[in-house]
Amino acid sequence: MTINSIKFASADIETAMGVGSISTLTFDIDITVEPVTSDNPMAPTHRVLGRSPRGRLVECGGIWKKQNRDTGADYFTLTIRDFGFNANLGKAANQEDDTLQAVIPWGPKEAA
């Protein structure tokens, strides 16, 4: 599997399970993402699960569906809480598989 990506079970990312991995200079984890059903529009679409040092599957973050303010296009963001890691999901360059989403990191917003 490509590093820093999530492979979803279907192209309908909002309702699909997925597996992936995220590697940075400070952490390297395999993740599983499970869809969440909620009536709350602020709720995540997925919970992100990683493995504890003892091998237990634990919730460590989430994926949220957002909308671009300028274009109105939908996109997904991912957060890994323990590492303060934030990213967008999107297609990698030269990639046509709609079930494979690249994890594209972005840092926290700097104070003005």
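In this predicted model, Ile 22 is in contact with Asn 4, Phe 27, Asp 28, Ile 29, Ile 31, Leu 78, Ile 80, Phe 85 and Val 103, leaving aside its neighbours within four places in sequence. Ile 22 also belongs to the largest nonpolar core, which has 19 residues.

**Nonpolar core**
- The members that touch the most other members of this core are Ile 6, Ile 22, Ile 63 and Leu 78.
- At least two core residues come from each of strand 1 (5–8), strand 3 (28–35), strand 5 (57–67), strand 6 (74–80) and strand 7 (85–90).

**Aromatic cluster**
- Phe 27, Phe 83 and Phe 85 form one aromatic cluster.
- Phe 27 and Phe 83 are stacked, because their ring centres are 4.1 Å apart and their planes stand at 15°.
- Phe 27 lies in the loop between strand 2 and strand 3, and Phe 83 in the loop between strand 6 and strand 7, so this pair ties together parts that are 56 residues apart in sequence.
- Phe 27 counts as buried at 6% relative accessibility, whereas Phe 83 counts as partly exposed at 41%.
- The pair of Phe 27 and Phe 85 is edge-to-face, with 5.5 Å centre to centre and 85° between the planes.
- This second pair links distant parts of the chain, with Phe 27 in the loop between strand 2 and strand 3 and Phe 85 in strand 7, 58 residues apart.
- Phe 85 has a relative accessible area of 9% and is buried.

**Pairing of strand 1**
- Strand 1 pairs with strand 2 (residues 18–23) in the antiparallel sense over four bridges, and Ser 5 stands opposite Ser 21 in strand 2.
- Strand 1 and strand 8 also run antiparallel, joined by three bridges, and Lys 7 stands opposite Leu 100 in strand 8.

**Loop residues**
- Thr 99 lies in the loop between strand 7 and strand 8 (100–106) and is buried, with a relative accessible area of 13%.
- The side chain of Thr 99 makes a polar contact of 2.6 Å with the side chain of Asp 97.
- Leaving aside neighbours within four places in sequence, Thr 99 is in contact with Ile 6, Lys 7, Phe 8, Ser 10 and Ala 11.
- Met 42, in the loop between strand 3 and strand 4 (46–51), counts as exposed at 65% relative accessibility.
- From C-alpha to C-alpha, Met 42 and Trp 64 are 8.1 Å apart in space, while 22 residues apart in sequence.

Notes
Residues numbered from 1 in each chain as written. Predicted model: local features only at pLDDT ≥ 70, side-chain atom pairs only at ≥ 80, totals over all residues. Heavy atoms only, no water. Core = buried A, V, L, I, M, F, W, Y, C linked by side-chain atoms within 4.5 Å. Buried < 20%, exposed > 50% of the residue type's maximum accessible area, 1.4 Å probe, protein only. Contact = heavy atoms within 4.5 Å. Polar contact = N/O pair within 3.5 Å; in protein donor to acceptor, adjacent residues only side chain to side chain. Pairing = 2+ DSSP bridges. Phe/Tyr/Trp six-rings, centres within 6.5 Å; stacked < 30°, edge-to-face > 60°.
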